[in-house]
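Dear colleague,

Please find the structure below. My notes on it follow.

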Amino acid sequence: MGVSCIILASRKLKRRLKCQLFALNISNVQACIGGIFATITVVICFLNFELIRNQFGERSAADINRWRLDHLANACKRWNNGGHTNLQPAFYLHSKNHSLVYCLVFKAGTSSWFYNFNSWAGYSEYEIMHIDNLYLARKFYPKENRLTLMQSMQHSFSFIIVRHPFERLMSAFEDRLASRKNAYYSRVAQAIYRRYHPQGQGTVSFRDFVQYILDDVRHNNGTIALDIHWCPINNLCTPCLARYDFIIKLETYQQDVAAMIEAAKLQGIVRLAQINHVRKEPVRTLAAKYFSQITRAQMDKLYSIYEMDFELFGYSAETYFQIPKALV
């Protein structure tokens, strides 16, 4: 089908090129050129559609999940297990009653899953909505040591939810620093602003936030001190040393969760609660708004910090690099 479409488009292109032989005025030439570009655009769009469809379009959610798991395994081999030698258990929850293990990737759907885990633990709606969710969860689901967690993964259904690293970063900035809805993070935002604008009277910018991350990583010789909301997934969950049955991507959340619930036999048990607000601006708009504030040098350093997340979970930063950057 793709070949026949290209041949047909080629024939149309030839016919339109012939019009130049008969066009003696500018308007006819312009019309001819417009037709040529329209045809080329259709062909390119068709080819892109074919590539996307061939990769994922006709695959089931289960097939896509197997591809993601294979991709993670292969990337871990290429990148020496993400630079880790020990599984980090700090952000894993294990519900023994449901034989379910979940790694908390903050700013990637954790609110909904905190709701489920804490509901299963017997907490009231009021407690879940007004008390720190990690604090509640840890009271009922104590942190397991590395060996115990690895054994739990072997005998339970284990999953992780991931998100495009830079989209997660923008979400962390908006929700934790720019919104000023949390007292602790309001103080963090003020401290960041004062660090880079000691005499200023304003609010923290995304550029300030990025420089803050770069400085923290340089000062601590790594990402160990980064806040959990913008710490790389590779460090939160050490995915190369874990065993997952399912990788959910926030970009395809609804279909992924539906497939995961079926695979884990959790029908009627998991509630797909929407806890956080829905973003009003499209990701593309936010990316242009925020990533145009930083310089190319900052962009290169920022990417190097989150590079492993891009590699392990099959994300690309190309569109972010294409956004025009600040000169200074």
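**Cavity lining**

The residues that line the largest cavity divide into four nonpolar, one polar and two charged. The model is a predicted one. The lining residues are Trp67, Arg68, His71, Ile247, Lys249, Leu312 and Phe313. Helix H3 (61-78), strand S4 and helix H14 (296-313) are the elements that give two or more residues to this lining. H3 gives the most, with three residues. The volume of the largest cavity is about 30 Å³, and a search of the whole structure finds one cavity of 30 Å³ or more.

**The sheet**

Strand S4 also belongs to an open sheet of four strands, in the order S1-S2-S3-S4 and with mixed pairing. Strand S1 (92-95) and strand S4 (246-249) are the edge strands, each pairing on one side only. On average, neighbouring strands of this sheet are turned by 20 degrees against each other, direction ignored.

S3 (residues 157-162) and S4 run parallel and are joined by four bridges. Phe159 stands opposite Phe246 in S4. Helix H12 (residues 253-263) packs on the sheet and touches S3 and S4. The direction of H12 makes about 160 degrees with that of S4.

**A loop residue**

Lys96 lies in the loop between S1 and strand S2 (100-103). Is Lys96 buried or exposed? Lys96 counts as exposed because its relative accessible area is 63%, and the cut-off for exposed is over 50%. Lys96 and Ser152 are 56 residues apart in sequence, and their C-alpha atoms are 8.6 Å apart in space.

Regards

How values were computed
Residues numbered from 1 in each chain as written. Predicted model: local features only at pLDDT ≥ 70, side-chain atom pairs only at ≥ 80, totals over all residues. Heavy atoms only, no water. Pairing = 2+ DSSP bridges. Axes fitted to C-alpha atoms, helices over the stretch in contact; angles between N-to-C directions. Contact = heavy atoms within 4.5 Å. Buried < 20%, exposed > 50% of the residue type's maximum accessible area, 1.4 Å probe, protein only. 1 Å grid on protein atoms, 1.4 Å probe; cavity = no way out; pocket = protein on both sides within 12 Å on 5 of 7 lines; lining within 4 Å. Points joined across faces, edges and corners; volume = space filled by probe spheres on them. Nonpolar A, V, L, I, M, F, W, Y, C, P; charged D, E, K, R; others polar.
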